[in-house]
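Please examine the sequence and the structure shown below before reading on. The text that follows is meant to be read with both at hand.

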Amino acid sequence: MEGLNLRARWSVIALLCVVVLVMPASVFADQGRWWEVTPEPENPSPYYDSILYSEIAPRLREIELASNRVRVEVIGQSAGGRNLFLVTISAPEAMGRLGDYQAIRQTMLKDPEQAQAMIDRLGDVKVPFFINASIHGAEYPGVDAAMRLIETLAFDDSEETRMILDNLIVLINVVQNPDGRVLGQRGNANGFDVNRDFITQSQPESRITARIFAEWNPMVVIDLHGFANPMIIEPCTPPHNPNYEYDLFIRWAWAQAEAMEAELNARTGFVANIPYRDWPMTWDDWAPTYVPMFAMFHGAYGHTLETPYRDSRGVDAHYWAVWGALKFAAQNGEAMVRDQIEIFKRGFLDLPQVPIPPELLPEWPQYQDVITTHFPEAYIIPADVPFQLSPQAPARLVNFLLDNGLEVEQASQSFTLDGVQYPKGTYVVWVDQPKRGLVNTLLSDGLDLSNIPGLAFYSPPTVWSLPRLWGVHIAAMEEPMAIATHPIRSADRAQGSVEGGKAKAYAYLPTSIAAIQATNELLARGVPLLRAQAPFTDRGRSFDAGVFILPASSPGAKSIANELASQWGLDLLALSNLPAGSVPLRQLRIAAALDVAGRFQLRRFGFNFDVITVATLNTSDQALMGYDLFINNSIHRGSSGLNPTGRAALQNYLAAGKDYIGLGSSGIRLVSAEQYNLFPFTYKSYAGAVDAILRLEYDLTNPVAAGFDPVGYGFVNPPYTFDALGSGVQRAISIYDDDPNFLVSGYWPGWQTSGAGGKPIVIRWEKDAQDATLIGMDPIFRAHPEDLFRIVANAIYSGLE
């Protein structure tokens with residue numbers, strides 16, 4: 001432990017000298033006249049007179065001006081460009097000391113023992129209590145309850161209100177999803193369910209909230225939802241994510257839930273279910289995709305509340321349940337925060353986890369002896385090739401860790417781990433840090449949960465490993481090593497290069513999202529580009545299929561090559577000849593029948609497209625004939641509402657020899673023998689709820705597999721494999737067969753006897769000018785397996801022969 005002890009001692013010494021407070025950037029930013037709102041058409045609740053989004057900002061400004069207990073900040077904008085408001089409320093004398101209180105919160109992370117001493121010394125310690133209102137836009141009562149709470153805390157002088165203000169700093173994200181509230185829908189302007197995005201943070205709303213968690217480390221997080229009758233007040237059923245310090249969490253979360261239940265019943269007569277207490281399964285806190293579950297990794301006692309009514313009674317239920325939690329936290333805050341510090345202390349000092357004590361166990365199994373975690377000493381993240389396919393992916397991962405309040409360091413010198421020498425500058429994520437649970441849940445492979453009897457989940461995913469699904473190679477340090485490292489605040493930016501000398505063309509590899517984004521941007525500008533559809537050799541170097549080619553004869557080629565290197569971080573390799581059979585790239589006319597995540601990823605990668613729905617197809621049997629490519633994971637011949645005209649539109653398109661990419665059940669079925677029989681193949685689905693990370697074999701001679709490792713990974717939800725491949729059908733990607741353990745992690749009961757090993761999971765078919773790719777994994781799922789979407793991009797480019 002020599003190296004780690006030196007590092008730990010350095011942190012303690014630094015904190016004894018000075019406590020550095022970094023206030024949120026929004027405090028210093030020009031807030032503008034945010035209360036001046038131009039009204040727009042809105043879709044209010046049809047069940048009661050809900051406050052309009054356009055009415056919220058002016059009312060908050062009135063409250064702020066009238067009450068010395070309140071501060072209002074604009075903390076960012078939604079996907080649709082609407083403001084998000086954070087309201088901070090506490091006793092007037094505390095509003096000028098928020099920096100002191102936040103300093104304690106930061107010290108909790110750097111030196112938990114010192115934080116406990118600060119609490120003893122200062123005495124009056126107020127703890128942050130965070131309320132998140134209506135992340136699902138059409139669940140209206142949450143916002144109205146939040147506004148009502150703000151009014152009460154701003155102006156009421158009752159004994160209960162004074163107690164809350166004297167002991168808490170109440171932080172309220174007033175309208176977490178303004179787009180959804182205005183539009184009358186669950187998702188944001190991009191159509192995303194933001195309450196499934198916290199492990200990915202593809203949306204601005206989740207990134208903003210996650211930033212608040214990292215800055216404040218709130219002691220309590222309440223997330224207001226609807227609808228369930230009786231009302232649901234978490235904590236959750238098993239399975240519990242094993243990276244939580246659940247014994248410390250449940251001690252207070254259960255008691256606080258019962259305090260909410262009691263207040264709710266006393267004030268309204270409504271009753272509630274507490275899943276941990278009342279149900280054996282299916283309302284779990286396994287996945288950190290949800291607001292409270294993600295907040296729990298920041299030490300919070302997190303609760304989702306599902307109000308029972310859509311009308312004003314739903315507002316009452318939320319208001320009084322939260323009021324019960326505020327009272328409970330005000331009365332028990334000192335003891336609760338000490339246990340919160342203990343969570344951080346266990347990570348900081350590398351202390352063992354503790355089982356849930358018997359007196360806090362409900363009558364059904366909690367699986368804590370079956371589902372366990374393992375904390376390595378550190379995770380090693382090489383920064384660049386040859387350890388990585390590209391430098392962009394590890395930089396993205398490292399910045400994600402830093403943005404979420406985790407500590408990342410860089411090696412100050414080279415070192416050797418498990419026989420591999422890593423260079424100076426390699427990223428090192430020591431696990432002995434306060435939020436070790438978050439480190440481990442983000443960076444580990446996850447667990448194989450397939451064969452645990454009786455296990456059930458509320459919804460996928462059961463696995464989400466960022467390295468495996470974001471295209472990053474990492475290594476785990478299992479034994480202590482003395483490595484000199486230093487903290488960093490951001491990852492190194494990818495530095496590209498242009499190879500010198502005479503060149504007929506420049507090649508750059510399709511190994512990163514940046515390479516695809518850059519390619520599409522150049523195509524939009526009319527820059528001539530080619531793609532090698534087969535492997536080739538040049539100047540003694542071997543290249544796989546799918547390499548992008550910039551001809552030296554293109555106008556301004558050298559300047560464009562420098563742009564690709566400097567702005568996109570790509571390496572441009574000089575070629576002595578244009579590869580034989582290279583195909584000119586162009587912008588395709590793409591029709592996309594994809595879910596919201598698929599459409600989001602197409603836009604992110606830089607592809608232009610038109611959205612296709614059943615209604616679109618029903619308008620004309622020629623509805624698709626103006627397109628070069630149809631990408632589909634949503635429509636098949638039996639889709640609800642598809643009329644004979646719509647079915648004819650599909651048949652006419654495929655019969656015309658145009659290109660197709662099908663994903664998942666609908667995308668595959670449409671062209672199978674049971675429907676339009678585009679080419680010979682059979683497919684197999686696998687029974688049960690299956691989501692997993694699999695080890696896969698990528699055929700690098702196939703352009704659909706371009707830019708991946710020969711042995712890589714994929715996410716299935718569920719899997720579809722292919723068989724009986726006819727003439728012209730190629731295996732592009734297959735489930736790994738050399739090792740029987742093709743399942744890395746996840747939930748696939750019976751996978752060992754499924755016969756899936758060695759089966760193709762992505763196939764490609766060519767006949768004349770027609771090209772089709774079928775994808776039996778899920779490279780789209782909520783935009784999370786982002787590196788795997790390069791497979792879709794490869795398939796788009798592969799149809800250009």
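The model is predicted, so local features need pLDDT of at least 70 and side-chain atom pairs count only at pLDDT 80 or more, while totals for chains, interfaces and linings use all residues. Residues are numbered from 1 along each chain as its sequence is written, and side-chain values use heavy atoms, with hydrogens and water left out. Helices (H or I, at least four residues) and strands (E, at least two) are DSSP runs, numbered from the N terminus.

Two packed helices are described by the angle between their axes and the distance between the axes. Axes are lines fitted to C-alpha atoms, for helices over the stretch in contact, and angles run from 0 to 180 degrees between N-to-C directions. Contact itself means heavy atoms within 4.5 Å. Angles under 35 degrees count as roughly parallel, over 145 as roughly antiparallel, 65 to 115 as roughly perpendicular and the rest as oblique. A crossing is left-handed if the near helix is turned anticlockwise from the far one by less than a right angle, and right-handed if clockwise.

Helix H3 (residues 53-66) packs with helix H7 (residues 141-155) at an angle of about 15 degrees, and their axes are 10 Å apart. H3 and H7 are therefore roughly parallel to each other, and H3 passes H7 in a left-handed crossing. On the H3 side, the contact is made by Ile56, Arg59, Leu60, Ile63 and Ala66; on the H7 side, by Val143, Met147, Ile150, Glu151, Ala154 and Phe155. By class, the contact of H3 with H7 has nine nonpolar, no polar and two charged residues. In this classification Ala, Val, Leu, Ile, Met, Phe, Trp, Tyr, Cys and Pro count as nonpolar, Asp, Glu, Lys and Arg as charged, and the others, Gly among them, as polar.

A second pair consists of helix H11 (residues 246-268) and helix H14 (residues 312-348), whose axes come within 7 Å and cross at roughly 165 degrees. H11 and H14 are therefore roughly antiparallel to each other, and H11 passes H14 in a right-handed crossing. The contact of H11 with H14 has 16 nonpolar, four polar and nine charged residues by class.

The next region is a sheet. Five strands form an open sheet in the order S16-S11-S15-S12-S17, with antiparallel pairing. Its edge strands are strand S16 (475-477) and strand S17 (485-487), each of which pairs on one side only. From one strand to the next, the twist averages 35 degrees. Two strands pair if DSSP finds at least two bridges between them. Strand S15 (residues 427-430) pairs with strand S12 (residues 409-411) over two bridges and with S11 over four. Val428 in S15 stands opposite Glu409 and also opposite Ile380, while Tyr427 in S15 is the bridge partner of Gln410. In a regular strand the side chains alternate between the two faces of the sheet. Both faces of S15 are covered: Tyr427 and Val429 on one side, and Val428 and Trp430 on the other, are all buried, where buried means under 20% relative accessible area, exposed over 50% and partly exposed in between (1.4 Å probe, protein chains only). Helix H15 (residues 392-403) lies across strand S11 (378-381) and S15, running at about 145 degrees to S11.

Elsewhere, S26 runs parallel to S28, to which four bridges join it, and parallel to strand S27 (residues 610-611), to which two bridges join it. Ala591 has Phe630 as its bridge partner in S28 and Asp610 in S27. Both faces of S26 are covered, with Ile590 and Ala592 buried on one side and Ala591 and Ala593 buried on the other.

Helix H20 (residues 596-605) has buried residues Ala597, Gly598, Phe600, Gln601, Leu602 and Phe605. These pack against helix H18 (513-524), strand S26 (590-593), strand S28 (629-632) and helix H24 (789-798). After H20 comes Gly606, whose phi is positive, near 95 degrees. H18 and H24 also pack with each other, at an angle of about 40 degrees and with their axes 10 Å apart. H18 passes H24 in a left-handed crossing.

Finally, Gln752 lies in the loop between strand S35 (743-747) and strand S36 (760-767). Gln752 is partly exposed, with a relative accessible area of 46%.
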